[in-house]
Amino acid sequence: MRRKASITLLSVGHACVDVYQGAVASLIPFLVAERAYGYAAASGVVLAASLLSSVAQPLFGVLTDRRAVPWLLPASTLLAGLGIALSGTGDSYAFTLVCVAVSGAGVAAYHPESARVARLAGGGGHGAMGWFSLGGNVGFALAPLLVAAVVGTGGLRWTPLLVLPALAGAALTLTVLRAPGQRQRLLGPAPAAGTDDRASFLRLSLAVVCRSVVFTGLSSFLSLYAAQRLGGSVAAGTAALFVLYLGGAAGSVLGGRLAGRRDRVTVCRWSYLLSAAAVAGVVFVPGPALYLCVALTSAGLYVPFSLQVTLGQDYLPSRVGTAAGITLGLTVSVGGLVSPLIGRVADATSLRTALAPLVLMPLLSWLFFRTLPEPPGPGRRADPPAAGGQRDVPKSWVQ
């Protein structure tokens, strides 16, 4: 199978998984409306999805570094979909928490191995990883629309229909894994060239944690906040969440292009400065301008997204699975651990007061990036064009 086709199918499969990460936040307004959850209870749902995922992703990353486990891709996709599909079928709060936790476990199992496979399939360039990450961002963006179409029509009892993207994603992944000539290459380990820079990787991880806190905090409460600011309409809240997620698609593509001209660390630094100003706009700027601020926030937070994955893999070249499990998984999920605190502050004061500290998070990410070097490695190169859309595969990438 041609490399471009492999990355395309993997990207669409990534969308079919990450739609379930976006679905958790998208379900919050419906849980509040049908079950009268408060802010703290609603944020507990986000916590349940994030907690198990946060713990499990580094473990799956270690497993991926020791052996190739490509069967995890279709299996974890189905698990992520099954958890969300069952989340609305019972009235019990505990049952809902278990279901979203199961979905989070599926997401945790998917990302380290999928990042390894995508890196091999794409030849190690950050352009290919950018397209792979784009798929996940599109999945996030489609989540509010999918949940609104299904749950908004039939209520929470219709959530079993949400399993359909998982079925499609598992089928696409199997197509890539079973393609002639592709199987042996994707079973090989990622290259381990260079020495690990653990100190830089730690600072990178802390920067991604700060990004995760602001992104997850906004995605958990943006629907409710936008509805309050714009007349109480559920549609206004869904639209704001869609803009937040959709901007990620544009941000990922832009990040790959910018990194082809400037080094990744510089691109990430400037993106976080933009994000800080944009988040302040989301919290404090009144009226429909909220949507513009949400779009700028999304772009600013997502330009570094795929670049941070390749940076992490280049800082830990001997442990690319672990690096992906942390930068693409653990540090992203950690933001969900802060959501209950935001919910409690919102219950005690107001949602605006609870969201205001998020403005500081991109500034902290910017400070961490000021201390990071640009590492050598395959992720430093943009994917050059070639006749017929293919490039030669370095021998070190083929097993």
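## Basis of the model

Residues are numbered from 1 along each chain as its sequence is written, and side-chain values use heavy atoms, with hydrogens and water left out. The model is predicted, and local features need pLDDT of at least 70, side-chain atom pairs count only at pLDDT 80 or more, and totals for chains, interfaces and linings use all residues.

## Overall fold

The chain has 16 helices and 0 strands, taken as DSSP runs numbered from the N terminus (helices H or I, at least four residues; strands E, at least two). Of the 399 residues in the chain, 59% are buried, that is, under 20% relative accessible area with a 1.4 Å probe, protein chains only.

Among contacts with a separation of 6 or more, 85% join residues 24 or more positions apart; a contact means heavy atoms within 4.5 Å. V309 counts as buried because its relative accessibility is 1%. The C-alpha atom of V309 is separated by 9.8 Å from that of L204, 105 residues away along the chain.

## The largest cavity

The whole structure holds 3 cavities of 30 Å³ or more. A cavity is a set of points on a 1 Å grid over the protein atoms alone where a 1.4 Å probe fits but cannot get out, and its lining residues have an atom within 4 Å of a point. The largest cavity contains about 260 Å³ of space, a volume being the space filled by probe spheres set on points joined across faces, edges and corners.

Its lining comprises 21 residues, and Q21, V46, S50, F140 and T216 lie nearest the centre. Two or more lining residues come from each of helix 1 (3-35), helix 2 (39-66), helix 4 (93-122), helix 8 (198-229) and helix 13 (320-333). By class, the lining has 11 nonpolar, 10 polar and no charged residues. Here Ala, Val, Leu, Ile, Met, Phe, Trp, Tyr, Cys and Pro count as nonpolar, Asp, Glu, Lys and Arg as charged, and the others, Gly among them, as polar.

## Aromatic pairs

There are 8 aromatic pairs, defined by ring centres within 6.5 Å (planes under 30 degrees apart are stacked, over 60 edge-to-face, the rest tilted). The rings of Y272 and F369 have centres 5.8 Å apart and planes at 40°, so this pair is tilted. Because Y272 lies in helix 10 (residues 264-284) and F369 in helix 16 (residues 360-369), the pair ties together parts 97 residues apart in sequence. Y272 is buried at 0% relative accessibility, and F369 is buried with a relative accessible area of 0%.

Y302 and F305 form a tilted pair, 5.4 Å centre to centre with 55° between the planes; both residues are buried. Y302 and F305 belong to one aromatic cluster with F140, F215 and Y245.

Notes: Buried means under 20% relative accessible area, exposed over 50%, partly exposed in between (1.4 Å probe, protein chains only). On a 1 Å grid over the protein atoms alone, a cavity is a set of points where a 1.4 Å probe fits but cannot get out, and a pocket is an open set with protein on both sides within 12 Å along at least five of seven lines; lining residues have an atom within 4 Å of a point. Rings of Phe, Tyr and Trp (its six-membered ring) pair if their centres lie within 6.5 Å; planes under 30 degrees apart count as stacked, over 60 as edge-to-face and the rest as tilted.
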